[in-house]
Amino acid sequence: MNSAAPRILVIDDEPQIRRFLNIGLRAEGYQVLEAANAEQGLALAATRAPDLVILDLGLPDRDGHDVLTELRQWSEVPVLVLSVRDGEDEKVSALDHGANDYVTKPFGVPELMARLRAMLRQRASDVHDHAPPIYDDGHLRIDQLRREVSRDGMPVSLTRKEYTVLAALLQHPNRVVTQQQLLRQIWGPIHVQDSHYLRIVIGRLRQKLGDDPASPIWLKTETGVGYRFLDRREPASRSCDSA
Amino acid sequence: MNRPVPDSHSVRFSERATGLASYAYASAVTLVAFANAFIADRYMAIANLSLIFLTAIMVVAVRVRMRVAAYAAILCFLGYNFFFTQPRYTFAIDSADDVLTVSLFLVAALICSRLATQLAEKVASLRTARASAEALHILGKQLAEAGDQTTIHRVAADTAARLLERPVAILVRPTLKDPWQVAMATPSWEPLDAHDALAADYCDRLAEPTGNGTERIPAATCLMLPMCVDKQRQGVLAVACPQRPLSPEARYLAHAMAQDVAQALERIRLAEALEKARVAGETERLRNALLSSVSHDLRSPLSAMIGSAQTLSRYGRQLPEEEHQQLLEGVLEEGLRLDRYIQNLLDMARLGHGELPLRRDWVDVADIVAAAVERIRTLFPGQPMDTELPSSTLLLHVHPALIEQALFNVLENAVHVSPSGVPVHLRVYAAGARLLLIDVSDQGPGIAADQRERVFDAFYSVARGDRGAQGTGLGLSICRGLVGAHGGTVEALAATPSGTMMRISLPLPALPEEHE
């Protein structure tokens, strides 16, 4: 971690939520900026250059999606969105508008902190290299140059579709890739609604990789939203690969 | 104009000969009788000739009206008198015997013609009645099978058009001020002209047949028949009569049909009103259940949270670290419990509206199970779970969050009744090609067989009130509602060796073709 503590901007209109986030984030060693509405939030994002933004979608003055769209016009800062349960459409829309991840309200503090860490790490590795060519966590090895996958040393034979889906998820480790994004990218725009294609491919992938669907090691489903590739490498080995 | 194709079901009305044609027929038969009489005259007594004439009169009478039959009788009487009685070729009669014969002949001829026409009329009317009854029977049978207004309209128009062999339309108007609209027509229908519209208006207002063939607005091209039962106006049955009016019998039949159709429509209307009232009553009961649930399920965690927080804020400093932590954990637990209750209430409120919007998507059942189990693990870290998933990918076409919530509620209930440390068993498998079963078994005390259905009753759960303090409140009834909305079922069964097995059954849809 850098000597200068990462700066995190919290945009939420609930003072109680800002308060406990402030306390918790400072306890984790971050600097905290607070905004109670969209206007303030955008102003702070522009002037104070935060390393990460926590954005509540239900703001009093403007719709959270608008804020995201505007922010994305001039900033690449990672954004974590807070949304209510059952709002799958809202989550998907936020991710499509450029959010990097989301947490469902009411959220647990440990989960939130873990997501923040992953996002900041991702940002650091993005600076070095966009996609490391070889992923290896000791069990699963994915060689993106040779398009080869092996599990515990045994080669795993994947179809072209299966490999493409795995590679697309690996592009954004620990981040949600929406199912619409995957379907559009891999099957084409006319198949965006044909989610059963994707479900079957993911099912086969899990079977071939020996991933347990009940408590997945690598391929985690975000119900109604998409999938996440869980990066199981030790933090140290990450930097090795990307170097 | 297209005419409906007549088939074996169409009703034929025997039309009786009328007008000049029938007089000509009577004259012709009389002429034949005279020819026969001239031949017979050579061999038989005059008195016996009357039998030939009587036969002729009967032959005529069964085919024609009384007036024409009488005309034939008088024609025979005059001819008999003129040609055969002495002196011949005059209307004078010599012998008293012949006067008697001829007079009696006239009386007998008139009586015979009257009897014969009456008999023929009776036979004809019986035949018509039977045809009408048969037609109404056919219509009634088809109406009984119709379940909604549009089907009734279609059946009515089709059947009436076929039986009457005329184009038929059902006319309706939403309110008295609106113009008439053709709701259904067989086979095709021209727009109403001014006469027809007026006739339809009168027909609806007076609840009487009007238009073509009746006394009101006879200039209309259609016969209008009211579909009206118990003053409930259901529209007008219009029968197009482009060339000639319907016979009175057909008109009568059409009127009866219109009334049958009105009755069927009224039946549907009442059934709908009844269903609406039932739903309203159910909603009312649900609202009451929700209110009492709010006061209980929401207030108890809230009071625990407020109490713990106040205790901490007031005595925090003097409390030992351990008690400090206990109070904090209490606030956290109760907060999570509150969140679950609110989720349940939201689901219940949505179910109560009866318009749960299902955003269906293809979803791997393993993903739903994983999400629900994950939530249970977070909530009850000490609870062992024993999960058995199918070996291959099974896809459901459901609203994922709702089915996850349904499964979560069942799991939560199972955890609540399980003795601590005893695993809850979860088994997911396909039963045949089209059905998915999710069995959740606990080893709790079980539910008496006669109570098993009642645990799904929202009102039962609420009635238990404070005794079910740690229960899920409405959880199981919500589960049933959510699964039911997807065409599935939830039932409580006995588990082996003890406890309860909740079984969720969901349809497994056929997959659309995949082309890689």
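**Cores and a sheet in a predicted model**

Start with V79(A): setting aside neighbours within four places in sequence, V79(A) is in contact (C-beta atoms, placed from the backbone, within 7 Å) with V53(A), L55(A), L68(A), L71(A), G98(A), A99(A) and N100(A). This is a predicted model, where local features need pLDDT of at least 70, side-chain atom pairs count only at pLDDT 80 or more, and totals for chains, interfaces and linings use all residues. Residues are numbered from 1 along each chain as its sequence is written, while chains are lettered from A and ligands numbered from 1 in the order in which they are written.

V79(A) also turns up among the residues with the most contacts inside the largest nonpolar core, which has 54 residues. Such a core is a set of buried Ala, Val, Leu, Ile, Met, Phe, Trp, Tyr and Cys residues joined through C-beta atoms within 7 Å; buried means that 20 or more other C-beta atoms lie within 10 Å of a residue's own. Helix α8 (residues 195-209) of chain A gives the most to this core, seven residues. A second, separate core of 46 residues includes M184(B) and L246(B).

Over in chain B, five strands make an open sheet, ordered β7-β9-β10-β12-β11, with mixed pairing. Strands here are DSSP runs of E, at least two residues, and helices are runs of H or I, at least four, numbered from the N terminus; two strands pair if DSSP finds at least two bridges between them. The edges are β7 (385-388) and β11 (489-494) of chain B, each pairing on one side only. Strands β9 and β10 of chain B run antiparallel, joined by six bridges, and V428(B) has I438(B) as its bridge partner in β10(B).

Conventions
Buried ≥ 20, exposed ≤ 12 C-beta atoms within 10 Å, placed from the backbone. Contact = placed C-beta atoms within 7 Å.
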